[in-house]
Amino acid sequence: MLFRSMGTNPYEAADLFAVVRHPNDRLLSEFYYICRRKITRRWDGSVCNRTRIMEPTYMNEWLRKKLSHTRNSRLSEQDYLYENGHFTPQYDFIVANGNIRMVDYVLRMDNLQSEFPALMNAYGLNAALPERKGNAAHDDSDLQAVHFENETKVVIHDKYGHDLELFKKVTK
């Protein structure tokens, strides 16, 4: 187990939920976030060429390069935390050791406005999401998954195959 807790499970008596996002949407969002918003004192212009973010070829090359860093299905602890876990398959947060489901409820990001209130109602909780805002780093005028080249699709499937299956199974 990656995050060892000295033989105890702090969530043993809790019901857990997670929100999953389609891998294509996650990757596009991360691309635009890093290229547009991630400006820090340590900003390195080599991270992304901002003048090319609307070029499909550039986006595909950038994504394949990022994903090639952690292309193995079994991640080391260092790879797991690569880019703060933003490229870690969501499946790895939901299923442990390849077969133990650790999360009781999996909600889809694209259905969150209906699924979250239903889950809160089932538990008798008075919790609500704020009004949905658009993604600050990525919008409809940007490149989309239809711009993924075949080679990029293969890399995405190799890395996020379990996520793609999980996303199909999570319905409501």
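This is a predicted model: local features need pLDDT of at least 70, side-chain atom pairs count only at pLDDT 80 or more; totals for chains, interfaces and linings use all residues.
Of the 172 residues, 37% count as buried.

The chain contains six helices and four strands, arranged from the N terminus in the order β-α-α-α-α-β-β-β-α-α. When contacts between residues at least 6 apart in sequence are considered, 70% join residues at least 24 apart.

Helix α1 (residues 23-37) and helix α2 (residues 56-68) pack with their axes coming within 11 Å and crossing at roughly 100°. Because angles of 65 to 115 degrees count as roughly perpendicular, α1 is roughly perpendicular to α2. On the α1 side, the contact is made by Leu27, Leu28, Glu30, Phe31, Ile34 and Cys35; α2 contributes Tyr58, Met59, Trp62, Leu63, Lys66 and Leu67. By class, the residues of this contact comprise ten nonpolar, two charged and no polar.

The largest nonpolar core has 19 residues, and those with the most contacts inside it are Leu27, Phe31, Cys48, Met59, Trp62, Leu63 and Leu67. At least two residues of this core are supplied by each of α1, α2 and α6 (150-169), with α1 giving the most, six residues. Beyond its neighbours within four places in sequence, Leu63 is in contact with Leu27, Phe31 and Phe148. Another core, of nine residues, lies apart from the largest one and includes Ala18, Val20, Ile94 and Phe167. In soluble globular proteins, nonpolar side chains tend to be buried together.

Note on methods: Residues are numbered from 1 along each chain as its sequence is written. Side-chain values use heavy atoms; hydrogens and water are left out. Buried means under 20% relative accessible area, exposed over 50%, partly exposed in between (1.4 Å probe, protein chains only). Contact means heavy atoms within 4.5 Å. Axes are lines fitted to C-alpha atoms, for helices over the stretch in contact, and angles run from 0 to 180 degrees between N-to-C directions. Angles under 35 degrees count as roughly parallel, over 145 as roughly antiparallel, 65 to 115 as roughly perpendicular and the rest as oblique. Ala, Val, Leu, Ile, Met, Phe, Trp, Tyr, Cys and Pro count as nonpolar, Asp, Glu, Lys and Arg as charged, and the others, Gly among them, as polar. A nonpolar core is a set of buried Ala, Val, Leu, Ile, Met, Phe, Trp, Tyr and Cys residues joined through side-chain atoms within 4.5 Å.
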